[in-house]
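Here's a quick walk through one structure, with the cut-offs spelled out along the way. Have the coordinates open as you read.

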Amino acid sequence: RALEQKGFSIFSQRNAADVLRVAVDRYLAQREQQQLGNNIHTPTALPTTLQIGAGEQWHYTYCNIDHRADFAPDLTLNIGTPLPFGETLHSWRFGNVALPRNHFHTILAKNVFQRVDDLQIALTNCLELLVDGGIIELTVPLDLSYDAWMHIDDKRAFNTQTWQHIINDWWHYGWQTHRLEIVSTGLGLHNEYGMQLLAENGNNWEEALRTPRAIDFMNVTLRKRALNDDEIKQLPQARFMD
């Protein structure tokens, strides 16, 4: 009962007018244009946070994309296929926009990269979408977890070594000026068995990692940065010229 009252108190302090004002103003502006006989939506700048595979996790402050139109994403796009950069796209929320390169400061991808059609294309798309210094915050299931291969669209699994190898092979992917580097990695769990195992072993994550089904997922943060001189020398054309 106390929790219920606390929750009601918190939500009662939220001002619905403030929350809805931006959406209502956009709707009224679009209706006015339609009444004037202009059915073209006035473009609105895209947010600088991109959420890939938003699905039911759609968030108002992000630009939400998904390959399934039935989730009503801001843009219906498949990150695992070549993106239509420069083409005019229609967004029910932002109007007619062109997908910009070097625009997003943050890309969020929770349970996405195990399901994309082509992981190399997906990472290359993210590299092009990010500003210099922009980051990708991703979550994927660990290969020995119950969450791995649980979805009909799952195409690959990951372990603690996977991302290091993927990112170290950056020069295979046709990246000429920038690359992705690993900022941080972490592990997480939500199952009772894993929690109990951690408690019994003094919060020893290494022990949990060696135990199948204990760890559920990996969190990885990647950052876009320019190639340094040594990395430029690793490019295939530079090696060929040598």
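## Ground rules

Exposed means over 50% relative accessible area, buried means under 20%, and partly exposed is in between (1.4 Å probe, protein chains only). This is a predicted model, in which local features need pLDDT of at least 70 and side-chain atom pairs count only at pLDDT 80 or more, while totals for chains, interfaces and linings use all residues. Residues are numbered from 1 along each chain as its sequence is written, and side-chain values use heavy atoms, with hydrogens and water left out.

## Salt bridges

A salt bridge here is a side-chain nitrogen of Lys or Arg within 4 Å of a carboxyl oxygen of Asp or Glu. That rule gives twelve salt bridges. One of them pairs Arg210 with Glu207, at 2.8 Å from N to O. Arg210 counts as exposed because its relative accessibility is 56%, whereas Glu207, at 27%, is partly exposed.

Asp70 and Arg68 make another bridge, with N to O at 2.6 Å. Asp70 sits at 56% relative accessibility, so it counts as exposed; Arg68, with 38%, is partly exposed. Then there's Glu4 with Arg1, bridged at 3.3 Å from N to O, where both residues are exposed.

## Helix H3

Helices (H or I, at least four residues) and strands (E, at least two) are DSSP runs, numbered from the N terminus. How much of helix H3 is covered? Most of it: across residues 119-129, eight of the eleven residues are buried. Among them are Leu119, Ala122, Leu123 and Cys126.

Contact means heavy atoms within 4.5 Å. The buried residues of H3 pack against several elements, including strand E1 (49-52), strand E7 (130-141) and helix H4 (162-168). A polar contact is a pair of N or O atoms within 3.5 Å; within protein, one must be able to donate a hydrogen and the other to accept it, and residues adjacent in sequence count only if both atoms are side-chain atoms. At the start of H3, a side-chain oxygen of Asp118 comes within 3.0 Å of the backbone nitrogen of Gln120.

## Asn191 in its loop

Asn191 lies in the loop between E8 and helix H5 (192-200). Buried or exposed? Asn191 counts as buried, because its relative accessibility is 15%.

What does the side chain of Asn191 reach? It gets to the backbone oxygen of Ala214, at 3.0 Å. Setting aside neighbours within four places in sequence, Asn191 is in contact with Arg213, Ala214 and Asp216.
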